[in-house]
Amino acid sequence: MRLVVVSNRVPSPRAGEKAAAGGLAVALRDALRERGGLWFGWSGGVSETPERTPRTIVHGQIAYEQVDLTAIDRQEYYLGFANRVLWPSMHYRLGLTEFSRDDFAGYLRVNRMLAESLAQRLRSDDIIWIHDYHLLPFASVLRELGVKNRIGYFHHIPWPPIEVFGAIPAGRHLLEAMGAYDLVGLQTATDAGNLVRGLIETTGAAMDRRGRLRMAGRTVRVDAFPIGIDVDDFRRFADRASGLRLVRQMAQSLGDRRLVIGVDRLDYSKGIVERIEAFERFLVANPQQRGRSILLQITPESRAEVPEYAELGQRIDQAVGRINGAHGGLDWTPVRFVKRAFSRPVLAGLYRHAAVGLVTPMRDGMNLVAKEYVAAQDPADPGVLVLSRFAGAARQMPDALIVNPFDKSEVAEAIQTALCLPLEERRERHARLVAGLEARDVSWWAGSYLAALSRARRRAKPKLRTVARSEADRFAAA
Ligand code: GDG
């Protein structure tokens with residue numbers, strides 16, 4: 001049985017560590033490295049007349065298959081519908097959406113083109129695993145083309161309640177297309193419950209006795225599979241990081257000041273401006289910390305052509321400039337903002353030096369940085385994680401200091417609490433957090449998802465009972 005993974009972007013195997021600044025790419029590379037298979041999707045490149053037959057690069061056990069898009073495809077499918085409608089809506093930010101029918105048509109067109117390209121080369125025993133919001137209708141096209149294989153989907157970002165999702169003009173179409181999957185995986189039980197209720201209320205799907213949905217004559221299982229990281233990798237990187245020049249330089253420049261760290265792609269869902277302002281509030285409320293702590297915010301650029309992202313970059317620059325101007329001195333700059341990517345070993349070394357990991361997204365499917373920060377700590381003298389309750393990771397990491405990122409004073413207080421937490425309590429919290437990460441690491445995530453997909457049934461059972469709204473709500477609350 002061959003594993004066929006499909007995601008919007010397929011990184012080049014030779015692009016090195018920095019290319020993997022994105023949670024999905026990191027997790028999929030880890031999952032595929034273990035079991036081998038084929039990884040198919042967009043190269044990230046644009047050409048005028050793209051070849052439908054993908055370029056293949058075999059690296060180790062993985063065959064990377066990439067196709068290019070036209071400039072208009074990229075505009076409508078990727079920059080338009082995926083990132084100006086689906087991304088903001090799924091993160092509960094309807095005010096930021098920009099819907100256009102042309103973009104939606106482009107989204108469907110690219111899904112069809114990619115599915116047609118892949119379908120020709122599928123084998124009958126392939127197991128197909130589609131990833132993320134760019135490709136919601138992918139399986140429905142494969143089914144139209146007669147593909148009978150097991151097909152699963154994993155959604156890396158939040159799934160909002162139908163009251164939010166329902167505002168997407170093409171929402172019903174997308175929900176109906178979900179019926180083509182055998183298994184739909186989400187990050188948390190809340191996300192799974194939101195999707196189930198959306199499907200029941202919008203498409204007439206009904207739940208059978210085993211908690212699976214029947215939709216248009218097919219059976220779909222919807223469940224939570226929280227994504228994890230390779231814990232050993234990060235621990236090993238962090239253990240060896242003192243040998244890295246960049247990490248040494250950073251440690252020297254820090255002196256005996258305490259480091260507070262934030263690492264996020266440039267994205268409004270990550271709460272970067274709010275976090276920087278919370279750090280300012282912490283300095284104002286704790287004057288004894290002036291000159292003694294530094295916020296290092298590492299933010300590689302992403303989606304720079306989407307207007308909302310360019311605007312966010314400017315807002316961060318302004319906040320950093322204002323705070324450094326107002327509070328900094330000749331020998332101390334409170335906020336260091338670095339707009340570039342570092343290798344994973346360097347990141348691990350920076351996490352290790354940080355007394356506080358600030359992970360405060362306004363909304364996040366999971367958030368791998370929270371997990372990486374914990375894995376990189378020295379168990380004998382660990383730092384403290386401050387974590388937004390709106391990250392999927394908060395469900396699994398109750399030993400972090402959990403905060404509401406909309407309340408900057410609460411975040412400021414948590415930074416001060418984290419810096420003052422006694423060693424013994426830090427060790428105990430860290431040990432419990434690491435045990436949780438090890439129990440549900442990236443191998444567990446991929447293994448349990450794929451085991452469930454192998455078990456998923458393709459044909460609907462004839463017996464069916466309709467499900468009352470309250471039952472869907474119970475599922476949502478599970
Ligand atoms: C989506 C969901 C979900 C960051 N800066 C650098 C760098 N990174 C890496 C981090 C981490 C990854 O990027 C970011 O992952 P997140 O999970 O925090 O966030 P998204 O990119 O939004 O990912 C998210 C995830 O998918 C997985 O399902 O958790 O909720 O939004 O691994 O370390 N990597 C390198 N240099 C950097 O400067 N090498």
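Axes are lines fitted to C-alpha atoms, for helices over the stretch in contact, and angles between them run from 0 to 180 degrees between N-to-C directions. The model discussed here is predicted.

**Helix packing**

Two packed helices are described by the angle between their axes and the distance between the axes. Helix H13 (residues 368-375) packs with helix H16 (residues 423-439) at an angle of about 120°, and their axes lie 10 Å apart. Angles of 65 to 115 degrees count as roughly perpendicular and those over 145 as roughly antiparallel; H13 and H16 are therefore oblique to each other. The crossing in which H13 passes H16 is left-handed. On the H13 side the contact is made by Lys371, Val374 and Ala375, and on the H16 side by His430, Leu433, Val434 and Leu437. By class, the residues of this contact comprise five nonpolar, one polar and one charged.

**The parallel sheet**

An open sheet is formed by six strands with parallel pairing, in the order E13-E12-E11-E14-E15-E16. Its edge strands are E13 and E16, each of which pairs on one side only. On average, neighbouring strands of this sheet are turned by 20° against each other, direction ignored. Strands E11 and E12 run parallel and are joined by six bridges. Within this pairing, Leu259 stands opposite Ile294 in E12.

| Strand | Residues |
|---|---|
| E11 | 258-263 |
| E12 | 293-298 |
| E13 | 335-338 |
| E16 | 401-403 |

Note on methods
Residues numbered from 1 in each chain as written. Predicted model: local features only at pLDDT ≥ 70, side-chain atom pairs only at ≥ 80, totals over all residues. Heavy atoms only, no water. Pairing = 2+ DSSP bridges. Helix = DSSP H or I, 4+ residues; strand = E, 2+ residues; numbered from the N terminus. Parallel < 35°, antiparallel > 145°, perpendicular 65-115°, else oblique. Left-handed = near helix turned anticlockwise from the far one by under 90°. Contact = heavy atoms within 4.5 Å. Nonpolar A, V, L, I, M, F, W, Y, C, P; charged D, E, K, R; others polar.
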